[in-house]
Amino acid sequence: NKIFNAITFHATDNAAENLLGTKFVFHIAVLDKKFLITAESDTGGSIDPSGTIKAEPGKDYMFTVTPENKWTIREVLVNGNNKGMINSYTFQNIQQDNTIKAVFEKKIYTLTISSDDNGKADSDGEIQVAPDSSIMIAVNPDTGYEFDKWEIVQGNPEINKISVNTFEVWLKNESTVIKALFLKKDKIKYILNFIFPPREYI
């Protein structure tokens, strides 16, 4: 409140009265203007802070994006514009309403399969595999050879034998490299005979 020797404005009046020479009180109503930032996230992670945030003009507001386990950030949309795979974003000098949305996707791992020179796996090369999922692989030995074993070059997969030359490979949330190894049939028989020599009967 301030004192003037001119016109009085009352909060309830629709017009001012000219009371020159008379002291009066001047009432001013100031609106506290705020902008809104709407922050949301899809399945697979979170954004902090989230919801509808009342933002003061001229200030900066930072948002942090965090994926859940086995998920990764696909994109962050700011006012509809794709800012890429970023884990934080700051609105600077707020002068308008804004939106921010975090979008996530499940991690994808690479299974790399190779073979030695005595056979081939039917899935040689790189395969994209989702977390906690498996793939069936068949091996095809060259003539005169049999499958021996899988060499684990990278990772810690679980490999289950389904049939003589068919296997199920489970990835454990990491990229994996495996190699199919083969042996000559004669060599295999020699090893078996050495371990389990034939019995002689009289």
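Phe147, Trp150, Phe167 and Phe182 form one aromatic cluster. Here rings of Phe, Tyr and Trp (its six-membered ring) pair if their centres lie within 6.5 Å; planes under 30 degrees apart count as stacked, over 60 as edge-to-face and the rest as tilted. The count comes to 6 aromatic pairs by this rule.

This is a predicted model: local features need pLDDT of at least 70, side-chain atom pairs count only at pLDDT 80 or more, and totals for chains, interfaces and linings use all residues. Residues are numbered from 1 along each chain as its sequence is written, and side-chain values use heavy atoms, with hydrogens and water left out.

| Pair | Centre distance | Plane angle | Class |
|---|---|---|---|
| Phe63 and Phe91 | 5.8 Å | 90° | edge-to-face |
| Tyr89 and Phe91 | 5.1 Å | 80° | edge-to-face |

Phe63 sits in strand S8 (residues 61-67) and Phe91 in strand S11 (residues 88-91), so their pair ties together parts that are 28 residues apart in sequence. Strands (E, at least two residues) and helices (H or I, at least four) are DSSP runs, numbered from the N terminus. The protein has 1 helix and 20 strands.

Phe63 and Phe91 are both buried. Buried means under 20% relative accessible area, exposed over 50%, partly exposed in between (1.4 Å probe, protein chains only). Phe91 has a relative accessible area of 5%. Tyr89, at 23%, counts as partly exposed. Of the 202 residues in the protein, 28% are buried.
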